[in-house]
Amino acid sequence: MEKISDKIAALPEDANFFSLEFFPPKTQMGSSNLQARLERMSQALRPLFVTVTWGAGGSTASKSLELAEICQRQLGLTTCLHLTCTNMNRALIDDALDEAKALGIRNILALRGDPPRSDEYNLAGEDDSNKDFTYAIDLVRHIRRKHGDYFCIGVAAYPEGHADESHPEIQDPVRDLPYLIDKTKAGADFIMTQLTYDIVAYKKFESMLRNHESGVFKTIPIIPGLMPIQSYSRLTRITKLSHACVPPEILARIEKCKMDDEAVKRVGVDVVSELVDEIKTISCPGPRGLHFFTLNLEKSVSFILERCNLIPSSSEPSSDTESESAVYAMHKNLTAPAGKAAFVSRRRASSLNSQPYNRVIIDRADMSSQSSTTHETSAQGAGMPALNPPPRNTTLLISEGMGALGREATWDDFPNGRWGDARSPAFGEIDGYGPSLHVTANVARRLWGFPTSREDINQIFRRHVSGALHAVPWSEGGAAEESGGLNPETATIRPYLLDLIDKRGWWTLASQPAVNGVRSDDTTFGWGPPGEGFVFQKAFVEFFCSSNDYRSYLKPLLQRYGHDEFAWFATNAAGDFEASTPPSAHSPTEPVDAGFEDPSSPAASNPGGVNAVTWGVFRGKEIITPTIIEEVSFRAWGEEAFRIWDEWRRIFARGSPTEKLLAQTKEDVWLVCVVGQRFGAGGEPGKDATDEGKLLWKILAGENVALES
């Protein structure tokens, strides 16, 4: 029940502290695994507090409150709930504050959210939050007026300036300063910044605040936001969406290894650790805080915290957990170097897994029975050695991915957005803020115009696949406008994709060609450690098609060839789901143990529900499968994909021809994903193998192909 401001005030003036941000996972399996992850991290890392994100327009309201309840009540962590105030039902704001109060949450990060668009969000009268809330300051004032000093309130700041459609061409922190002054005077207790990688810009920003003539920033805690670098593609997407600058010298370091995610993460740890060390040297009127955007992952942030000495260390004896005992039980027959602990990775052989992941997933956490009273340090103890904290070895196990703890921490260490494992807490998300067009309404209208017919939508997708348009509403965001927005490998199948658009009227969202054993340093298809292995791909394509096409042509076509040739999933806005294999009897929303499947389990009895479509074989490593298409992940993505139709529709006036077209089209189309099970390995080297890899495209184009068994 502690306020963040009280906890900070109780720390020694020269102390350092840190906080961690999490978002509600997309799947129930991800939520179950995040809970185990939070418990592990709270014990091993001991953050001063955690924050839970809130989707724009309240899109994740119920899930955000559920996660906040787990953090606050079940794990005993001091929790800060993000809260936006625009484009939502007015009652939702007060309901969220009342529920937070009932849960014992005393900390709110007050944010505006997207620019107010009442007409587009079908808001009116008393239900319209935009009547009373236009900026974050309105939310700060409302909380203070209604709840007094019960809540500790944080506000956001932008070291490089805030950019949105109200002033898209001007990004200058000096321009933002009057708004930040007003928010602080209205009742803010601390300031948390947007992510930054530019230490020069950050130092200048904090100095400007501390020395401002108003004196309002003289002693208020200013907590910089830092995001561990998980992959090159995520870095470019997130910094573009957030308008954060990556200094050229940092970008050059990342680009040298951008095709190898493991190497990128190593360099990313170096980069963020250097930023932390620089920030710690800045003069501060009180304890120095740092906030980490975890993206629901733990390895990189654990490494950074360990390297920067942000985790309290102690020589006190600790009570080993059951998990640690399991780790050390493997060491009795090992000889360790002098002065070094011997660490052995406790894991089962990947060959035991009958599913196509071919990698260790996760063992259920063994700590769930422990008392939650050890999960949070008191204000007096944060930043200082605890009487009985988790040993330093625990953190090393997590950060180095070793032992039972480390294995659980790192099984999903290389997230691949919605193509990753649906069991991962990081599945499907870039930032955790819910479905979005990833561009402002003005930019969206400029990019995609005002379609009034299906042919107009056809042209949008045609321009995208042709390379003339860098994004469509379902793009993940981050591609530069001049880039064309497509991966180099897409050029190899571009003619087939254009045929689907021009001849079928099917709008492609994602695809890849078949690849059979290409070197990992190939300039088009390669990934992973250069020259260390070979990569493979099954061809797949995901697209929207009309209900009539799906029922009368596509579904019968795919059924004629059977699941052994084409695995497929399909869903529509009504939530209907069909697939090449019977849907799993296991509800996609039911929590499951993400360990190895029991042969009698629904997942094991329905192997067609999971399809690894990209994998790599590397020296000294297990087979890596970064791209997986499965029933659970497709269902989750399907819900989001149809909500994006609504996001697109809402940027146009209600009742306009474009708004009506998009609403009608959403209700008619099916989202379909088709995977070609052959990838060139079943034919003779040369032309036969190449033709086999093209089978998916020939069948969808309508060619009558005789298949050999």
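**Close-up views of a predicted model**

Buried residues make up 57% of the 709 residues in the chain. The model is a predicted one. Its chain has 23 helices and 17 strands. Among contacts with a separation of 6 or more, 76% come from residues 24 or more positions apart. The views below take up single sites in turn.

**View A. Strand 17 and its two partners.** Strand 17 spans residues 670–676 and is mostly covered, with seven of its seven residues buried. Trp670, Val672, Val674 and Gly676 point one way from the strand. Leu671, Cys673 and Val675 point the other way. Residues of both groups are buried. Strand 12, residues 540–545, runs antiparallel to strand 17 and is joined to it by six bridges. In this pairing Phe540 stands opposite Val675. Strand 13, residues 566–572, is also antiparallel to strand 17, through seven bridges. Here Trp568 has Val674 as its bridge partner.

View B. Strand 10 meets strand 11, residues 533–537, over four bridges in the antiparallel sense. Within strand 11, Val535 is the bridge partner of Val518.

**View C. Helix 16 against helix 17.** Helix 16 covers residues 454–466 and helix 17 covers residues 494–504. Their axes lie 10 Å apart, and the packing angle is about 175°. Angles over 145 degrees count as roughly antiparallel, so helix 16 and helix 17 are roughly antiparallel to each other. Helix 16 brings Asn458, Phe461, Arg462, Val465 and Ser466 to the contact. Helix 17 brings Arg494, Leu497, Leu498, Ile501 and Asp502. By class, the contact has five nonpolar, two polar and three charged residues.

**View D. Cys80 and Cys152, two cysteines without a bond.** How many disulfides does a search of the whole structure find? The search finds zero. Cys80 is in no disulfide, and its nearest cysteine sulfur is that of Cys152, 7.2 Å away.

View E. Phe190 lies in strand 6, residues 190–195. Is Phe190 buried or exposed? Phe190 is buried, with a relative accessible area of 1%. Neighbours within four places in sequence are left aside in the contacts that follow. Phe190 is in contact with both cysteines of the previous view, Cys80 and Cys152. Ile153, Gly154 and Val155 also touch Phe190. So do Ile220, Pro221 and Ile223. Ile4 and Leu109 complete the list. Phe190 and Ile8 are 182 residues apart in sequence, yet their C-alpha atoms are 9.9 Å apart in space.

**View F. Two loop residues with positive phi.** Most residues other than glycine have a negative phi. Arg46 has a positive phi, near 55°. Where is the place of Arg46? Arg46 sits in the loop between helix 2 (28–45) and strand 2 (49–52). Arg46 is buried, with a relative accessible area of 10%. Asn296 also has a positive phi, near 65°. The loop of Asn296 runs between strand 8 (288–293) and helix 11 (299–307). At 0% relative accessibility, Asn296 counts as buried.

Technical notes:
Residues numbered from 1 in each chain as written. Predicted model: local features only at pLDDT ≥ 70, side-chain atom pairs only at ≥ 80, totals over all residues. Heavy atoms only, no water. Pairing = 2+ DSSP bridges. Disulfide = S-S within 2.5 Å. Axes fitted to C-alpha atoms, helices over the stretch in contact; angles between N-to-C directions. Parallel < 35°, antiparallel > 145°, perpendicular 65-115°, else oblique. Contact = heavy atoms within 4.5 Å. Nonpolar A, V, L, I, M, F, W, Y, C, P; charged D, E, K, R; others polar. Buried < 20%, exposed > 50% of the residue type's maximum accessible area, 1.4 Å probe, protein only.
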